[in-house]
Amino acid sequence: MVIIDVIVTLFLAAGIFFMFTGVIGLLRFPDFYTRLHATGKCDTLGEVLIIVGLLLDHIYYYVYLLPEAPLSVKLVPVKLIFLIVFIFLANPTATHAIMKAAYKTGVKPWKLGEERR
Amino acid sequence: MIEVFLAIAVLIAFTILLSLYRAALGPGVFNRVAAVSVIGTKTIVLLVIIGYYFERPLFFDISLLYAILNFIGTLAFAKYLERGEVWS
Amino acid sequence: MKGKEGKGKGFGILVTFCAMFLFWLLLSGIFDAFHVIAGIICSAIVALISHDLLVKGKGEKMLSKSFRFFIYIWWELWQIVLANFDVAYRVLHPKMPIDPRIIEFDTSLRSDFALVTLANSITLTPGTITILVEPEKGKFWVHAIAKKPADALLVDKTMQSKVTDVFMEW
């Protein structure tokens, strides 16, 4: 068992843990604004960790160990890095847009002591 | 290493099933839009993992495209719900 | 249609064309004559039609701003990891200690890029999400999930001071 396998499994396990936390927060929180807190933060980081894990696996097995691979296999890390940058910019913006729409339409925030909605 | 990828893909599919509960139940339209955006985000990761599992490098491009589509779809929803029209 | 005259317009078209062509080459990986010529034609059409979406005006001191922005990104990645441990603690605790409230404050930032950076940083860090931004006066409305993150924005003001140091807009 190579050391890179252990590192990749750690990244994937951490990513899945944060995704589960995000979805449990979506089910458990009592109000719309607090649910967006859970998914907007945990989803983004969980995704990025999983894709970083896959990127490390690809760089070790397909670029470092096989130097005669075709160029389109060696350029896959560029696509994955672009996907990571795009997710970091796009997910908070979409969260903010839907929260602004809810605030202007008049959805009332939840204070401590009220019932669930 | 391939079995670890398959296990991660099954766990992601399970979280998609859990967030369908909020998409069906959530009182009002805003909870449903948030749940659909979450499902779209998880589909992007699922496509990359399937691309590694079945050894088809075409799926990375498809996941990049779907990330852009999901973002623009959520923005269009938010704009429509705020103003009543998308493009004046 | 209004646009920048003379030097600004040509510079915008050139930067857009170079960025689009670089992405074409990096994402396709095939370098024979047909694909490269098709890439040049498509990049030129896109650069001519929508060059004013990417480059807005001329900025001064761009090099030092980019260098400080690069250093700021690494501090922010560490804050993102801390934020998610905080949210995980609040979700998985059996009593769910949340106490949500809406706060508002003023900043001294006026340019587009600085406002977007601060709004994204507030959304990605522990316990706060931006609701509304007013671009003329620099006012922010923020939804906070407990008292401690709200105080970190209202009383300490660490994040606002770091962003104004990057963009030099005191």
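Reader: Which parts of chain C have the lowest and the highest confidence?

Author: Happy to start there. This is a predicted model, and in chain C the mean confidence is lowest in helix H5(C), at 79, and highest in helix H2 (residues 33-49) of chain C, at 91. The scale for each residue runs from 0 to 100. Chain C as a whole has a mean pLDDT of 82, with 89% of its residues at 70 or more.

Reader: Why does that matter when I look at the picture?

Author: Where pLDDT is low, the predicted coordinates should not be read in detail. For the complex, the predictor gives an ipTM of 0.89 and a pTM of 0.88.

Reader: What makes H2(B) and H3(B) roughly antiparallel?

Author: Helix H2 (residues 29-53) and helix H3 (residues 59-83) of chain B pack at an angle of about 175 degrees. Angles over 145 degrees count as roughly antiparallel, and therefore H2(B) and H3(B) are described that way. Their axes are 8 Å apart.

Reader: Which residues make that contact, and how do they divide by class?

Author: From H2(B) come, among others, B:Val33, B:Gly40, B:Ile44 and B:Leu47, while H3(B) gives residues including B:Phe59, B:Tyr66, B:Asn70 and B:Phe77. By class, the contact has 13 nonpolar, 8 polar and no charged residues. Glycine counts as polar here, and B:Gly40 and B:Gly51 are among the contact residues of H2(B).

Reader: How do you know that E2(C) and E3(C) pair?

Author: Two strands pair if there are at least two bridges between them. E2(C) and strand E3 (residues 139-144) of chain C have 6 bridges, in the antiparallel sense. One example is C:Thr128, whose bridge partner in E3(C) is C:Ala144.

Reader: What makes E1 and E2 of chain C edge strands?

Author: The open sheet has 3 strands in the order E1-E3-E2, with antiparallel pairing. Strand E1 (101-106) and strand E2 (128-134) of chain C each pair on one side only, and that makes them the edges. From one strand to the next, the twist averages 25 degrees. Helix H5 (residues 147-156) of chain C lies across E1, E2 and E3, running at about 10 degrees to E1(C).

Reader: How do you know that chain A touches chain C, and which helix of chain A gives the largest share?

Author: Residues are in contact if their C-beta atoms lie within 7 Å. By that test, 28 residues of chain A are in contact with 24 residues of chain C. The largest share of chain A's side, 9 residues, comes from H2(A). That side divides into 16 nonpolar, 8 polar and 4 charged residues.

Methods: Residues numbered from 1 in each chain as written. Chains lettered and ligands numbered in written order. Predicted model: local features only at pLDDT ≥ 70, side-chain atom pairs only at ≥ 80, totals over all residues. Helix = DSSP H or I, 4+ residues; strand = E, 2+ residues; numbered from the N terminus. Axes fitted to C-alpha atoms, helices over the stretch in contact; angles between N-to-C directions. Contact = placed C-beta atoms within 7 Å. Parallel < 35°, antiparallel > 145°, perpendicular 65-115°, else oblique. pLDDT = per-residue confidence, 0-100.
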